[in-house]
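This report describes a single structure for a reader who has not seen it before.

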Amino acid sequence: MSEVLLEIAGMNKKYGPILALKNVDLQVCRGQVHGLVGENGSGKSTITSIAAGMQPATSGRMLFKGKEWNPATMVDAQANGISMILQEANTIPGCTIAENLFAGKEHLYARFGFIDKKQMNRDADKLLEKFGISYMKGKDLIDQYGFEERKLIELARAVTDETEILVVDETTTALSHEGREILYKVVDDLIRKNKAVIFISHDMDEIMDKCNILTVLRDGEIRGTVTREEMDEPDSIGMIRRLMVGRDIGNKFYRSDYDSSCSDEVVLTFKNVSGPNVTDFSLELHKGEIVGIGGLSGCGIHEVGKMAFGMAEIDKGHVQYNGHEITSAKQAVELGIGYISKNRDSEALILAGPIANNIVLPSLGDLTKATFLSYGKRKKMAGENIDLLEIKCTGGGQWVNTLSGGNKQKVSFAKWIAKGSDIIIMDCPTRGVDIGVKQAMYELITQMKKDGKAILMISEEMAELIGMSDRLVVMKDHRINKIFRRCETLSEMDVIEYMI
């Protein structure tokens, strides 16, 4: 047996009347990449956030390296050996990369009451180079970088010489292929040094490849532990999924048809559009069509979605909805366009607010008569969409920041379904979503197509793009490089060839 680094015994966690963890026992040993899997809201992030000093348990005991473990803060936990990379953005806006990397450690650079920022920047540059991201500099403002780059900065901040356990919470969903390789190298290095990694992911292929032991959670309870030997057995994925969801969810995942037909009616048009990271982009989106857009990091796929919603600057060309040029997000909403952002916490949701308020926000004009909001209609709209999306909550009054990542994503969907948007731009629509919810979301997207909705699906998941798109647009070097039609023989290698 390897040395036990972290032992959790009888852990319980309550949020008001909700019991999020129920008598959890867990051991993490040296040399392990210990996977935690389960549906959204099953308790994975709750366990690790307690171990990493984000919040206290309601009851239970933790031992780290044989000693009582009750970190006061995440900074305290990291200094003593447990670091965590969160699923959502966890950088400080308005500050430099160096200030983010050394947040909580400013005293190391204090000289006579002043911070030696030049030395801090030099140390930051060395750290960035060590992690293979030296194209960023310590003196750069964090705000000039996107969500993916910020996650890599969080990785560089989290892993120090003191790190004994690194918690990776759904981080790979925010990263491109290159970013994932950087993370995987860090994981391999830690295991080679006989440290440990707790790996949370909904990507079963990734879990099976990277982990040497799995703990399965459902409804706040541990439902089983799966060894490496058991993971290598036939139908092991099916067995793990059954433990996760309590039923057999079958093999149907993406669309089963290969019919790419849609209406002749064009609802969204890009005409020679150029702007940040996008050059001469032209495309027509039809009613009842799903157009997927994919490409490597930095190629411009995310900017295309923001331009279509009026959120990003256009230097040249036009984006039009039924002949109306889109100039702002407010106008886009009024025209019937919805946008599900990849960065849901800062661009899609009001975290410090009720679920109901988030769902009805784009529809306030429809619920208002003579400047008065109909609270009856508001409650009905929110309730219907909470039920439709099966959002795990106590009701519409529960605050969004108390939800799991997957349930937050459901709220992002619910906003635009409630609004009845004719066009929905989806940027990484299933990020941080468990397999059962993913399956339900794909069924919902397929039904939206049948109902005549037009969908622009931007994704870094190749299987998702191939499995759901009528047309798949591949971008390279900020331009369209290839467009594929839906067909049964299209493979990931066919697509990747035009990305690299």
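## The cavity

The largest cavity holds about 30 Å³ of space. The model is predicted, and it contains 1 cavity of 30 Å³ or more. The lining of the largest cavity consists of Ile-466, Ser-469, Asp-470, Arg-471, Leu-472, Phe-484, Arg-485, Arg-486 and Leu-490. Strand S23 (471-476) and strand S24 (479-485) are the elements that each give two or more residues to this lining. By type, the lining residues are 4 nonpolar, 1 polar and 4 charged.

## Buried residues

Thr-96 sits in the loop between strand S6 (82-85) and helix H3 (97-101). Thr-96 has a relative accessible area of 16%, and because buried means under 20%, Thr-96 counts as buried. Apart from neighbours within four places in sequence, its contacts are Gly-138, Lys-139, Asp-140, Leu-141 and Ile-142.

Helix H9 spans residues 236-245, and its buried residues are Ser-236, Gly-238, Ile-240, Met-244 and Val-245. These buried residues pack against several elements, among them strand S3 (33-38), helix H7 (204-210) and helix H16 (435-450). Just after H9 comes Gly-246, with a positive phi of about 80°.

## Salt bridges

The count of salt bridges is 23.

| Pair | N to O distance | Separation in sequence |
|---|---|---|
| Glu-164 and Arg-30 | 2.9 Å | 134 residues |
| Lys-419 and Asp-366 | 3.0 Å | 53 residues |

The side chains of Glu-164 and Arg-30 meet in a salt bridge. Glu-164 is in the loop between helix H5 (147-158) and strand S9 (165-169), and Arg-30 is in the loop between strand S2 (18-29) and S3, so the pair ties together parts 134 residues apart in sequence. Glu-164 is buried, at 13% relative accessible area, and Arg-30 is buried too, at 15%.

Asp-345 is buried at 16% relative accessibility, and Lys-408 is buried with a relative accessible area of 9%.

Lys-419 forms a salt bridge with Asp-366. Lys-419 lies in helix H15, while Asp-366 lies in the loop between helix H13 (355-360) and strand S19 (368-369). Lys-419 is partly exposed, with a relative accessible area of 23%.

Terms used:
Residues are numbered from 1 along each chain as its sequence is written. This is a predicted model: local features need pLDDT of at least 70, side-chain atom pairs count only at pLDDT 80 or more; totals for chains, interfaces and linings use all residues. Side-chain values use heavy atoms; hydrogens and water are left out. On a 1 Å grid over the protein atoms alone, a cavity is a set of points where a 1.4 Å probe fits but cannot get out, and a pocket is an open set with protein on both sides within 12 Å along at least five of seven lines; lining residues have an atom within 4 Å of a point. Grid points are joined across faces, edges and corners, and a volume is the space filled by probe spheres set on the points. Helices (H or I, at least four residues) and strands (E, at least two) are DSSP runs, numbered from the N terminus. Ala, Val, Leu, Ile, Met, Phe, Trp, Tyr, Cys and Pro count as nonpolar, Asp, Glu, Lys and Arg as charged, and the others, Gly among them, as polar. Buried means under 20% relative accessible area, exposed over 50%, partly exposed in between (1.4 Å probe, protein chains only). Contact means heavy atoms within 4.5 Å. A salt bridge is a side-chain nitrogen of Lys or Arg within 4 Å of a carboxyl oxygen of Asp or Glu.
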